[in-house]
Amino acid sequence: GVVGEVEALKEAQPPRSVQVRCSAAMSSSQPCHVLQLPGSKLRRLQHMAPLEYHRLRETADRREMRHACKSWLEKDSEIRDADRSFLNDLSQHVRYLSVSKGQSLVSTEEESVYVLRNGELSTERGVRTVGQMVSTKECVAATRCDLLQFPGAVIRKLLAQYPHQRSILEQALGGQLANM
């Protein structure tokens, strides 16, 4: 089978080294191959097979988004002291969400946990600022906001797997975790 991991570079970035990890599922006797796709080949792929190019870009974007989420959670969020494995698993389920000033954050789905990346939210607990968490179906953006969203089902599943992380989340959410 083919195991893929995509590392994309932005156009303006100079060349850099990239760490490549072979899947742990592969036996040590199987070689790990790295395929390099120069920009000219990607542009050709874009014109010749737009669907394949789109899938490749989505994979690269999703991987970059998850990596950025994990890094941000470890450095700038209220749960930065949580277990690194927990944060890694949590970042695999991130959804990015942007809301405009005055827009309500109303979830028609089940409860979600949000981490504020920038801006301010008004909630029943007062104003929430960068790095703080919200677990509510309704709050209003006091300014334009970018948030990380984690579905309640994911939080419950991860807390079953990492029960010792409950107190960290409970403290960050000000007791609202019990509502999930």
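Start with the side chains of S112 and Q149. They make a polar contact at 3.1 Å. (A polar contact is a pair of N or O atoms within 3.5 Å; within protein, one must be able to donate a hydrogen and the other to accept it, and residues adjacent in sequence count only if both atoms are side-chain atoms.) S112 sits in strand β2. With a relative accessible area of 1%, S112 is buried. (Buried means under 20% relative accessible area, exposed over 50%, partly exposed in between, with a 1.4 Å probe and protein chains only.)

A word on the model. It is predicted: local features need pLDDT of at least 70, side-chain atom pairs count only at pLDDT 80 or more, and totals for chains, interfaces and linings use all residues. Residues are numbered from 1 along each chain as its sequence is written, and side-chain values use heavy atoms, leaving out hydrogens and water.

Now zoom out and colour by secondary structure. There are five helices and seven strands. (Helices, H or I with at least four residues, and strands, E with at least two, are DSSP runs numbered from the N terminus.) From the N terminus, the order is α-α-α-β-β-β-β-β-β-β-α-α. Of the 180 residues, 30% are buried. The protein exposes about 11500 Å², and carbon and sulfur atoms supply 50% of that. (These areas come from the Shrake-Rupley method with a 1.4 Å probe; for residues, only the protein chains shown count as cover.)

Next, select L73, I79, F86, L90, M133, L148 and F150. In the largest nonpolar core, of 22 residues, these touch the most other members. (Such a core is a set of buried Ala, Val, Leu, Ile, Met, Phe, Trp, Tyr and Cys residues joined through side-chain atoms within 4.5 Å.) Elements giving two or more residues to this core include α2 (50-76), β2 (112-118) and β7 (145-151). Helix α4 gives the most, with four residues.

Stay on M133. Beyond four places in sequence, its contacts include I79, V113, V115, L169 and L173. (Contact means heavy atoms within 4.5 Å.)

Then show V99, V134, C139 and A141. They are among the 10 residues of a second, separate core.

Last stop: Q103, in the loop between β1 (95-99) and β2. Is Q103 buried, partly exposed or exposed? At 36% relative accessibility, Q103 counts as partly exposed. Leaving aside neighbours within four places in sequence, Q103 is in contact with C139, V140 and A141. Finally, draw a line from Q103 to L121, 18 residues apart along the chain: their C-alpha atoms are separated by 9.8 Å.
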